[in-house]
Amino acid sequence: MTLTQRLTSPGPGDERVDDAVRDDTCVSVERPHPRPDGQDRYTISEVAAHTGLTAHTLRWYERIGLMPHIDRSHTGQRRYTNRDLDWLAFVGKLRLTGMAVADMVRYAELVRAGEHTFDERRALLCATRESVQARIAELRDTLAVLNFKIDFYAEATAVSERALHPA
């Protein structure tokens with residue numbers, strides 16, 4: 001399931017969708033998990049390599065409450081799961097929207113608080129969507145200006161070439 005797919009009511013035997021609905025998990029299949037569930041005990045360096053985030057960033061996410069509690073090995077080493085990788089993929093999408101870190105932390109707190117926060121989560125995501133849509137409109141306008149300038153220079157170059165090399 002990708003971030004762009006809508007969760008529907010699970011069909012019979014569709015436990016994965018059922019789990020996603022229950023857990024408010026947003027799975028991105030852009031980069032499949034390196035290991036199957038049950039064997040998904042990743043070190044911080046493995047998660048850093050998989051996500052492109054630094055170990056410092058992962059520790060910071062945990063410290064500010066953006067990450068849920070991360071299990072530790074008997075030696076105190078962090079052990080991440082596939083579910084943690086899914087959450088980090090979602091956080092990466094939120095970062096791309098330009099959402100403020102404080103809003104991402106607030107969203108994470110709401111997820112941990114439970115189902116009674118669905119309306120507040122939805123409102124936060126709707127506000128973010130509006131911001132993204134406004135940015136997309138600005139980028140489309142910017143692209144139109146760039147296309148105009150590129151066409152202008154292509155035509156100017158062609159006119160200049162014709163003037164230098166008349167037929």
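1. Let me start with Leu-146, which is partly exposed, with a relative accessible area of 48%. You will find Leu-146 in helix α6, which covers residues 118–164. Together with Leu-143 and Ile-150, Leu-146 makes up a nonpolar patch on the surface. The accessible area of these three residues together is about 300 Å². Please keep in mind throughout that this is a predicted model.

2. Now for the chain as a whole. It has 6 helices and 2 strands, and from the N terminus on the order is α-α-α-β-β-α-α-α. Of its 167 residues, 27% count as buried. The chain exposes about 11400 Å², and carbon and sulfur atoms supply 56% of that area. If you look at contacts between residues at least 6 apart in sequence, 53% of them join residues at least 24 apart.

3. The aromatic side chains are worth a look in your viewer. How many aromatic pairs does the structure hold? There are 5. One of them brings together Trp-87 and Tyr-107: the ring centres are 6.3 Å apart and the planes lie at 15°, so this pair counts as stacked, the cut-off being under 30 degrees. The pair links distant parts of the chain, with Trp-87 in helix α4 and Tyr-107 in helix α5 (residues 101–113), 20 residues apart.

4. For another aromatic pair, turn to Phe-152 and Tyr-153. Their ring centres are 5.3 Å apart and their planes stand at 75°, so the pair is edge-to-face. Phe-152 is partly exposed, with a relative accessible area of 44%, and Tyr-153 is partly exposed too, at 49%.

5. Last, a word on Thr-97, which belongs to helix α4 (residues 82–97). Why does Thr-97 count as buried? Its relative accessible area is 17%, and buried means under 20%, so Thr-97 falls in that class. Which residues does Thr-97 touch, leaving aside its neighbours within four places in sequence? Thr-97 is in contact with Thr-128, Val-132 and Arg-135.

Terms used:
Residues numbered from 1 in each chain as written. Predicted model: local features only at pLDDT ≥ 70, side-chain atom pairs only at ≥ 80, totals over all residues. Heavy atoms only, no water. Helix = DSSP H or I, 4+ residues; strand = E, 2+ residues; numbered from the N terminus. Buried < 20%, exposed > 50% of the residue type's maximum accessible area, 1.4 Å probe, protein only. Contact = heavy atoms within 4.5 Å. Patch = residues over 30% accessible without salt bridge, like charges linked within 9 Å, V, L, I, M, F, W, Y side chains within 5 Å. Areas by Shrake-Rupley, 256 points an atom, 1.4 Å probe, with all protein chains shown as cover. Salt bridge = Lys/Arg side-chain N within 4 Å of Asp/Glu carboxyl O. Phe/Tyr/Trp six-rings, centres within 6.5 Å; stacked < 30°, edge-to-face > 60°.
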